[in-house]
Number of protein chains: 2
Amino acid sequence: MAMTMNLDMTFAALADPTRRAILVRLAKGEATVMELTAPFKMTQPAISQHLKALEDAGLVVSRVDGTRRPRRLAKVGIEAMDQWLEMLRKALEKNYNRLDAVLADMETTTTKRGERR
Amino acid sequence: MAMTMNLDMTFAALADPTRRAILVRLAKGEATVMELTAPFKMTQPAISQHLKALEDAGLVVSRVDGTRRPRRLAKVGIEAMDQWLEMLRKALEKNYNRLDAVLADMETTTTKRGERR
DNA sequence: CTTGACAATAAGCAGACACTTATATAAGGT
DNA sequence: ACCTTATATAAGTGTCTGCTTATTGTCAAG
């Protein structure tokens, strides 16, 4: 199972700096909600809500230990994203060897407003 | 320069299905706003706004061609994300060879509510 | 130079999101 | 049994998002 992970949720989860910081913390190993709350100027319910988002995104899983629920990283979410991103990477690489991209690069373009012709 | 791409913006940009679809389209090559608008049940201004988000995210760049502004994929955004994600990938791999993760896997846990002990 | 196509911008609005405080639930230690 | 700790859930609120319609700027073609 674990089929079609929801990319909306996964990317949205990573769009928040607090949630990314939580993941960085979890990269060092399991942590409880209280431990995860400590570094932030935020209440415990707020962190619990962020953790829910991360779990729904397939980026984190929880375990039961008495009254605690230690979290650790999950890979489902990352794998789903990586798989999608792979398409972009390929396209990028391919386009980079094509004429239009090269030419465009020359007389461009930095995306900034206010170009003249 | 192109220093510290804003990860908030980049991940947020990808969290929207319309914007991901636009990227898929651009993976096939340059396209104008009108061409990008066509497949959607959405107005041109809406797409222009999505394109702004994608440019701010470093995922797309534009070029000037008369009154048109063809877009194509950019790599800055993807590279920024990939770099950040690399940390998670490493942690995931490393934790997977560690005892606590293995044990946890055994008596867990699928993140679902309603586990008993 | 007027017209029409391409695109960006502004203002407005409904729904989503990130917090908060207050409360509930459950396990542990005493 | 009782209090404490660890966590989740609910309800409320202000801010951000994703659209819309309306309008404006700009090029190219006649």
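Below are some questions and answers about this predicted model.

Q: What percentage of the residues in chain A is buried?
A: A residue goes in the buried group if 20 or more other C-beta atoms lie within 10 Å of its own. Chain A has 117 residues, and the buried share of them is 27%.

Q: How do α1(A) and α5(A) lie to each other: roughly parallel or roughly perpendicular?
A: Helix α1 of chain A covers residues 7-14, and helix α5 of chain A covers residues 76-96. Their axes are 10 Å apart and the packing angle is about 105°. Angles of 65 to 115 degrees count as roughly perpendicular. So the word for α1(A) and α5(A) is roughly perpendicular.

Q: Which residues in α5(A) are met by residues of α1(A)?
A: On the α1(A) side, the residues are A:Leu7, A:Thr10 and A:Phe11. The residues of this contact between α1(A) and α5(A) divide into 5 nonpolar, 2 polar and no charged. On the α5(A) side, the ones they meet are A:Gly77, A:Ala80, A:Met81 and A:Trp84.

Q: Which elements give two or more residues to the surface near DNA strand D?
A: There are 25 residues around DNA strand D, and A:Thr32, A:Met34, A:Pro45, A:Arg68 and B:Ala46 come nearest. Both chains show up when you go by element: the ones giving two or more residues are α3 (33-37) and α4 (44-56) of chain A, together with α4 (44-56) of chain B.

Q: How many charged residues does the surface near DNA strand C have?
A: Around DNA strand C there are 25 residues, with A:Gly66, B:Thr32, B:Met34, B:Pro45 and B:Arg68 coming nearest. At least two residues each come from α4 of chain A and from α3 and α4 of chain B. Sorted by class, this surface has 9 nonpolar and 12 polar residues, and the charged ones number 4.

Q: Does B:Glu35 count as buried or partly exposed?
A: You'll find B:Glu35 in helix α3 (residues 33-37) of chain B. Being buried takes 20 or more C-beta neighbours, and being exposed takes 12 or fewer. B:Glu35 has 14 inside 10 Å, so it counts as partly exposed.

Q: How far apart in space are B:Glu35 and B:Gly77?
A: In sequence, B:Glu35 and B:Gly77 are 42 residues apart. Going C-alpha to C-alpha, their separation in space is 23 Å.

Methods. Residues numbered from 1 in each chain as written. Chains lettered and ligands numbered in written order. Predicted model: local features only at pLDDT ≥ 70, side-chain atom pairs only at ≥ 80, totals over all residues. Axes fitted to C-alpha atoms, helices over the stretch in contact; angles between N-to-C directions. Helix = DSSP H or I, 4+ residues; strand = E, 2+ residues; numbered from the N terminus. Parallel < 35°, antiparallel > 145°, perpendicular 65-115°, else oblique. Contact = placed C-beta atoms within 7 Å. Nonpolar A, V, L, I, M, F, W, Y, C, P; charged D, E, K, R; others polar. Near = placed C-beta within 6 Å.
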